[in-house]
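Here is a short report on one protein chain. Look through the structure first, then read on.

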Amino acid sequence: MAKPNRVCILCHEEYSYCNHCPSDSSKPRWMVNFHSDNCRKIFNIVSAYANKEKTAIEAKHELELCDLSNKAKYSEMTMMFVEEILSAKEEVAPVVAENLVEEIKEETKEEIKLEKPAKNYGNHYTYKKKH
């Protein structure tokens, strides 16, 4: 195995990779910066959150799928963002309220049945409420 010549920008782990060497030609290009796909994913999630491309909840769901066992090795700034993301609380979904409003509208429609116009007064009609 080759002597380590790179340091992962997330966890600072030393590793070897040469983007010009035939022995590493089949390895992914992201290895220029990261020693593992896990570190690459974590870095991208945190960066997207820091740049407001993802909400804390979106980032949290993605981070929960990653291995964070090396987080003690992350930079102070990265750790700050990881902790902020992981402490995010889910909000109550407003869909419940929307469903309730739709339900009330449907009940109201059933209660008030409009008959055919009783009388035509020019451009407007009078309606009678059914009981």
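## Two crossing helices

α2 and α3 are roughly perpendicular to each other, a label that covers angles of 65 to 115 degrees (under 35 degrees counts as roughly parallel, over 145 as roughly antiparallel, and the rest as oblique). Their axes cross at roughly 100° and come within 8 Å. Such axes are lines fitted to C-alpha atoms, for helices over the stretch in contact, and the angles run from 0 to 180 degrees between N-to-C directions. Two packed helices are described by the angle between their axes and the distance between the axes.

Which residues make the contact? On the α2 side they are Ala-56, Ala-59, Lys-60 and Leu-63. On the α3 side they are Val-82, Ile-85 and Leu-86. Contact means heavy atoms within 4.5 Å.

## How the model was read

This is a predicted model, in which local features need pLDDT of at least 70 and side-chain atom pairs count only at pLDDT 80 or more, while totals for chains, interfaces and linings use all residues. Residues are numbered from 1 along each chain as its sequence is written, and side-chain values use heavy atoms, with hydrogens and water left out.

## The overall plan

The protein chain has four helices and four strands. Along the sequence their order is β-β-α-α-α-α-β-β. Helices (H or I, at least four residues) and strands (E, at least two) are DSSP runs, numbered from the N terminus.

The protein chain has 131 residues, and 23% of them count as buried. Buried means under 20% relative accessible area, exposed means over 50%, and partly exposed lies in between (1.4 Å probe, protein chains only). The accessible surface of the chain comes to about 10100 Å². Carbon and sulfur atoms account for 54% of that surface. These areas come from the Shrake-Rupley method with a 1.4 Å probe; for residues, only the protein chains shown count as cover.

## The buried face of α3

Helix α3 spans residues 76-86. Its buried residues are Thr-78, Met-79, Phe-81, Val-82 and Ile-85.

A disulfide is a covalent bond between the sulfur atoms of two cysteines. Here the cut-off is a pair of cysteine sulfur atoms within 2.5 Å. The structure holds one disulfide. Cys-18 and Cys-21 form it, with their sulfur atoms 2.2 Å apart. The torsion about their S-S bond is about 75°, so the disulfide is right-handed. Cys-21 is partly exposed, at 28% relative accessibility.

Cys-39 is in no disulfide. Cys-11 is buried at 2% relative accessibility, and Cys-39 is buried at 3%.

## Two loop residues with positive phi

Most residues other than glycine have a negative phi. His-12 has a positive phi of about 65°, although it is not a glycine. His-12 lies in the loop between β1 (6-7) and β2 (14-15). With a relative accessible area of 44%, His-12 is partly exposed.

Lys-52 also has a positive phi, about 60°, and is not a glycine. Lys-52 sits in the loop between α1 and α2. Is Lys-52 buried or exposed? Lys-52 counts as exposed, at 74% relative accessibility.
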